[in-house]
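Here's a quick walk through a predicted model. Have the structure open beside you as you read.

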Amino acid sequence: MKIIACYSNKGGVGKTATAVNLAYASAIKGRRTLLCDLDPQGASGFYFRVKPSKKLVKTAFFRDVQGLIHAIRASDFDNLDLLPANLTYRDFDIFLSRMKNGRSRLKKALRKVDNDYDVIILDCPPNISLLSENVFKTADKIVVPIIPTTLSVRTFEQLNSFFKTNEYQRKKLLPFFSMVQKSKKLHKDTMATLRKSYKSLLRNYIPFSTEIERMGLHRAPVLTYAGKDSAANIYGQIWQEIEEKAKIGW
Amino acid sequence: MDPFTYLIPSLLNQEKVQKKLPAIRHYQLALDSGEKQKGLLLDTFDAKLRQSNQLLFQAGTMLSLYELKTGQMFEQTASEDWAFPADLEPGPVSSRLLQVSRLRAFLPVAGVTFSLGHGSLLDDEGKTRVRLVHLFISCRQRSVGIGCTQYLRGYDQAHEDLRLALEETGAVFCRDVGVVFDVLGIKQEIYTAKPKVALNPDAPVKQSARKIIRSFLRIARRNEKGLVADYDTEFLHDYRVSLRKVRSVLSLFKGVFSPEQTDQLKKNFASLMQKTNALRDLDVYLLNRSQYFDLVPADTHEGLEILFRYFEGERQKEQKQVSRVLKSKEYQNEIDRLKKMFADGSSLPSGPRGEEKSFEFACGLVKKRYDKVCKIARAIDDQSEDSVVHRLRIQCKKLRYLLEFFAPLFPEDESKSLIIALKQLQDNLGNFNDYSVQQRFLRQVLNNTIPDFNGREIKVAESIGALTTMLHRLQWKERRQVMKNFARFDSPEVHTIVTKLFNIEGSENENNCLL
C-alpha cells in the first residue's frame, strides 16, 4: 500500500481537484483507492456528494479502529472510497501510523471487510502544522501543485527549504504545474526556469480548464463528464508518472 | 453486508418501491429497465448451471451469464453454433463456463425474452447509496424478475431501507435457479449419473438388486437421445458406466438370480455395451488430443495430425453406426425386454441366495471384496507383473461399485469416507489401465490400418512410436505410485470403518488376520 499526499502550503492552486481526480485515475486503473479528506476547508467529500455523517462531527470519534472503519464511505465509482473530513490531529496520527503498520488492528480490520487499499490519497490542509509534518514523514510521495506564477513558485521554494532544514526527504516531493495558461508569457517563462532547478518536476502539467472549474457544478471527477481528449485526461497521465515514481506495482 | 438477492413474481414497479421508501430520507430510486432481448436459455444436460445458480442466455451472437448470488452479469460474443466453452474465445463468460463443465455441451433449455436493468438509490445530493441489478425474464405467458442489491460501504441504513421497500412490494429472498424455473414454468428434469437408490435393509436382496439395476437402466436410457444426437461425449460415457454397473450387479451379486439367467443377462448386457467400445476408445483419444501433442516431440506432430484426422473420420463412422444401432427396432425391443424383466421380476427366477436380507448380504459381499483387495495389494512389489496390478484395479472397481450400491444401507459419512479413501488408489489404477489400453489401441492401428495412410505411413508410424513410448513411460510412473497409494488406503482408520460397518456376526473369515 502506498500513501500519496496532495499538499500545498498555498491555497487555491487546485489541490483538492488534484486529489479527487488522481484518486479517480487510480481507481479506474483497478487500484483499490481510499481518498482521505484531511482539509477542513477542502471539498473532496463535496465533489463526491458524500455528506459527513452526524457522528463524524463529534470529536474524538476515531479513538477506536471500528470508528475509523465506519466513517469510510463508498463513492459512486468502483474501487474508490472516501474518508470524509474532520479528522483531528490526534485522529490522523492514529490513522496514519496504523495504516502504515501492516500488523495493526486497523489494517486487519480493513482486510476483514475485504478492503485493504492499494493506494491512499491524502488531501491535506494548506499549512505547515503538526498534521502536515506527520504527512511529510509518513507519505511515500507528496504531490505539490504549483501555478507557474512568482508567488506560487516562492511558496514551493519555502516548502523545499523547510524540508531541507527539518531533514525531511526532499525526494518525496513531486511538484507539477497546475492551472497553466500557455498563452501567458509569465507562465511559460516560469515553467522553463523552474524545470531547470527542479528535476523532479513531473513532465505533464494541468492546463487551466473551464472543465476542471466546473467540477463544483458536476460534483464528480472531471473525467466522468468531460471527454477523454480534454484536459481531464492529463490527470491519468500524471497518475501514471506518480505510479512510476512511487513504484506502485501490481 | 450481504446483498439482498430477490425474486419478484411480477414486474418491478419503480413507483411502488419508491412509495415504500421512508419519505423522511428523501430518496430517489432511479431505474432503467434495460433493452429487451429475445434468446435462448442454455444449460448442460446435467444442469450444471442451474445447480451453481447461474443463468446463461444467448441472444444472437451475445452470450450473457448471470450469477444469482452476486447479481453480476458477464457478457461476451459467441458464434451461434458453439457448444463447448472451448469453442468460445477467451473471455469472462468462457472462463466461467470452463469451471462449470469442460466436457458437456451447453444446450437450449427454453426460449425466453430477457432484459437487464440497473438501478440506483440516490440521496438528496444525488449520491448513490445503494445499487441494484434487476433481470426480467419471460417465457411464453409467464414472467419473473430477479435481482440483487449492491451494498455501498458506509450506507447500511439505505441498504436496509431499500431491502424493506422491495420486500413490501413482493420481493422474496431467492438464490435458487430452480425456483426461477418453477415460476417461469420451465421444466428441466434433474439428471444425475449417480442416483441414490433407497434400499430396505430387510428386503430380499433379489428385490434390491432389481431396484439398483432398474435405476441404472433408466440412466442408460436417458442418455440414448443425446448419444444419438451426438451432443457431447458424456452421453456415451454415462450410458456405458450405467450398463457396466448393471453388469457388475449381475456378476457381483452371486446366487441372487438363477445361474443360467445370470449368465444369459451378462451376455445380453455385454453385447449392448460392446457395440459402443470403439466409439468410446476414439472419444478418449480425441479428448486427450492436446495432451498427446504436448507429450511428443514437435517433429512427430505432422504424423500425429494425420493420425488424429484418421481418428476423427473413424469416430464419425462409429458414431453413425452406434446411432443406427440405438435407433433400431432390434435394440429398442431388447432394451425394453430387459427393462420389463427387471420391472416386474416374475420372469426372473431367484437364485439360492435371492431371499437373503439385503443388509447381511451387503456386509458379506463388501467385506469379502475388501479382503480380496488387501490380499492382492499386499502381495504387490516392484517385481510384480502388470497383470497383478490389473487384477487389483478390477477388484478395487468392484469394491467401489459395491460401496456405492449399498451406500444407502450404511451411515452416509462412513461409507462416503471409504469411497474417498479408495478414490486416490482407484484414480491411480485407472490411469495405469488407460495408458495401457491406449498403447494397445495404437498397436492395433499400427498392425491393421497403417497401409491406409497411403504414402504417409512412415510419418504416422513415427508419431505412433513416439506416443507409445511416452504412454509407456506414463504408465510406468503410475505403476510406481500403486504401492504408495495402497499403503495410504490400507490405514487403521479404514480398517476400523470396514470392521465396524461390515463385520457382522459370522462373516469373519481367515482373511481377517490381515487386519
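In chain B, 5 residues of domain 1 are in contact with 5 residues of domain 2, where contact takes C-beta atoms, placed from the backbone, within 7 Å. On the domain 1 side, the touching residues split into 4 nonpolar, no polar and 1 charged. For these classes, Ala, Val, Leu, Ile, Met, Phe, Trp, Tyr, Cys and Pro are nonpolar, Asp, Glu, Lys and Arg are charged, and the others, Gly among them, are polar. Domain 1 of chain B covers 5–184 and domain 2 covers 205–514; such bounds come from an automatic or database domain assignment. Taken over C-alpha atoms, the centres of the two domains of chain B are 42 Å apart.

A word on the ground rules: this is a predicted model, with local features needing pLDDT of at least 70 and side-chain atom pairs counting only at pLDDT 80 or more, while totals for chains, interfaces and linings use all residues. Residues are numbered from 1 along each chain as its sequence is written, and chains are lettered from A and ligands numbered from 1 in the order in which they are written.

Now for the chain-to-chain contact: chain A and chain B put in 8 residues each. The chain A side has 3 nonpolar, no polar and 5 charged residues.

What about the inside? The largest nonpolar core has 64 residues, and Ile213(B), Val246(B), Val249(B), Val366(B) and Phe406(B) have the most contacts inside it. Helix 14 of chain B (residues 358–379) gives the most to this core, with 9 residues; helices are DSSP runs (H or I, at least four residues) numbered from the N terminus. A second, separate core has 62 residues, including Cys6(A) and Leu122(A). A core here is a set of buried Ala, Val, Leu, Ile, Met, Phe, Trp, Tyr and Cys residues joined through C-beta atoms within 7 Å. Leaving out residues up to four places away in sequence, Val246(B) touches Ile213(B), Phe216(B), Leu217(B) and Phe269(B).

Buried means 20 or more other C-beta atoms within 10 Å of a residue's own, exposed means 12 or fewer, and partly exposed is in between, with C-beta atoms placed from the backbone.

Note on methods
Helices (H or I, at least four residues) and strands (E, at least two) are DSSP runs, numbered from the N terminus. Two residues are in contact if their C-beta atoms, placed from the backbone, lie within 7 Å.
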